[in-house]
Amino acid sequence: MSFALGLTGSIGMGKSTTAGLFSDAGCDVWDADAAVHRLYEQGGAAVSPIRDLFPEAVIDGRVSRDALKRIIGQNPDALKQIESVVHPLVALDRTQFRALATSDILVFDIPLLFETGGNVAMDAVACVSIPDELQKNRVMDRGTMTVEQFEHIRKKQLPNDEKVARSDYVIITDTLDHARQQVEQIVASIREGMANA
Ligand SMILES: CC(C)(COP(=O)(O)OP(=O)(O)OC[C@H]1O[C@@H](n2cnc3c(N)ncnc32)[C@H](O)[C@@H]1O)[C@@H](O)C(=O)NCCC(=O)NCCS
Ligand SMILES: Nc1ncnc2c1ncn2[C@@H]1O[C@H](COP(=O)(O)OP(=O)(O)OP(=O)(O)O)[C@@H](O)[C@H]1O
């Protein structure tokens with residue numbers, strides 16, 4: 001039986017980068033944001049239900065993230081409606097991954113892990129964290145969101161200090177080397193626990 005490690009953290013705190021470090025350490029990784037990308041692609045299962053909700057969000061047969069962000073900015077209920085379509089499909093994708101994955105530790109990179117109660121299905125949770133100002137700078141440097149869009153998303157999420165308090169492990173993502181060191185320690189400690197169980 002594999003060990004299920006939830007990997008969470010607020011927007012731009014370093015989940016995807018850290019997930020890559022877990023992969024380097026031999027863990028199979030499932031990424032919720034990547035699952036959403038697949039669902040929004042041409043032929044993806046979210047395209048038709050999103051078109052039913054917001055026809056203008058589907059362009060060339062795929063869901064346009066820019067269109068969604070515009071719609072979310074104009075309509076306070078839109079994100080909830082999008083979530084009601086996307087989250088059940090994401091859950092199905094996760095179940096399929098879990099049935100096929102083979103590594104001793106499985107890592108589930110899920111931004112809304114605590115917000116959706118997904119933490120109860122995990123054996124432990126690791127949270128990535130950096131100071132708020134650095135978080136904002138990193139997201140702004142990506143150039144994919146306005147400050148307003150970023151603040152809107154951040155407000156929807158459980159505050160960083162609560163996530164940190166509720167997690168078994170905290171990974172400070174200030175530098176890549178430091179993050180890698182912490183990931184290797186976590187993997188070693190989980191493997192040691194499994195060997196002694
Ligand atoms: C809002 C959207 C259009 C922004 O797209 P964009 O490509 O700019 O950003 P990306 O998808 O990479 O998300 C960046 C981060 O925003 C945060 N975020 C995304 N969706 C949500 C949400 N519903 N609630 C809170 N935070 C969210 C997460 O931290 C995520 O890692 C997109 O995230 C989306 O369609 N979200 C709805 C689906 C969802 O809930 N996804 C979350 C994972 S299941
Ligand atoms: N350990 C680290 N050291 C230095 N920079 C990092 C580190 N981790 C992440 N970053 C940088 O921070 C930015 C955000 O990282 P990443 O995309 O991994 O975050 P995320 O939490 O997955 O974001 P989102 O919630 O938006 O999907 C990227 O530019 C990345 O290069």
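**Notes on the two ligand sites**

1. The largest share of the shell around ligand 1 comes from α5, which gives five residues. Keep in mind while reading on that this is a predicted model, so every distance and area below is computed from predicted coordinates.

2. Which other elements matter for that shell? Those that give two or more residues to the shell around ligand 1 are α2 (32-40), α4 (65-74), α5 (78-100) and α7 (147-156). In domain terms, at least three residues come from domain 1 (1-27 + 104-197), and at least three from domain 2 (33-102).

3. On to individual residues. Ligand 1 has 20 residues around it, and Asp-33, Tyr-40, Arg-65, Lys-69 and Glu-83 come nearest. If you're clicking through the site, those five are the ones to display.

4. The side chain of Asp-33 has an N or O atom 2.6 Å from an oxygen atom of the ligand. The side chain of Tyr-40 likewise places an N or O atom 2.6 Å from an oxygen atom of ligand 1.

5. How much of ligand 1 does the protein cover? On its own the ligand has 770 Å² of accessible area, and the protein covers 91% of that. The space that ligand 1 takes up is the largest pocket.

6. As for the make-up of the ligand 1 shell, twelve residues are nonpolar, six are charged and two are polar.

7. Now ligand 2. This one is surrounded by 16 residues, with Gly-14, Lys-15, Ser-16, Thr-17 and Arg-142 the closest. Ligand 2, too, sits in the largest pocket, the space already described for ligand 1.

8. Which element gives the largest share of the shell around ligand 2? That is α1, with three residues. The elements α1 (15-24), α6 (132-142) and α9 (176-196) each supply at least two.

9. Some polar contacts of ligand 2 involve the backbone: a polar backbone atom of Gly-12 is 3.1 Å from an oxygen atom of the ligand, and a polar backbone atom of Thr-173 is 3.5 Å from a nitrogen atom of ligand 2. Asp-33 turns up here as well, this time with a side-chain N or O atom 3.2 Å from an oxygen atom of ligand 2. Worth a look on screen, given the Asp-33 side-chain contact to ligand 1 in point 4.

10. Taken alone, ligand 2 exposes 640 Å², of which the protein buries 75%. By class, its shell holds seven polar, five charged and four nonpolar residues.

Notes
Residues numbered from 1 in each chain as written. Chains lettered and ligands numbered in written order. Predicted model: local features only at pLDDT ≥ 70, side-chain atom pairs only at ≥ 80, totals over all residues. Heavy atoms only, no water. Near = heavy atom within 4 Å. Polar contact = N/O pair within 3.5 Å; in protein donor to acceptor, adjacent residues only side chain to side chain. Areas by Shrake-Rupley, 256 points an atom, 1.4 Å probe, with all protein chains shown as cover. 1 Å grid on protein atoms, 1.4 Å probe; cavity = no way out; pocket = protein on both sides within 12 Å on 5 of 7 lines; lining within 4 Å. Sits in = over half its atoms within 2 Å of the grid points. Helix = DSSP H or I, 4+ residues; strand = E, 2+ residues; numbered from the N terminus. Nonpolar A, V, L, I, M, F, W, Y, C, P; charged D, E, K, R; others polar. Domains from an automatic or database assignment.
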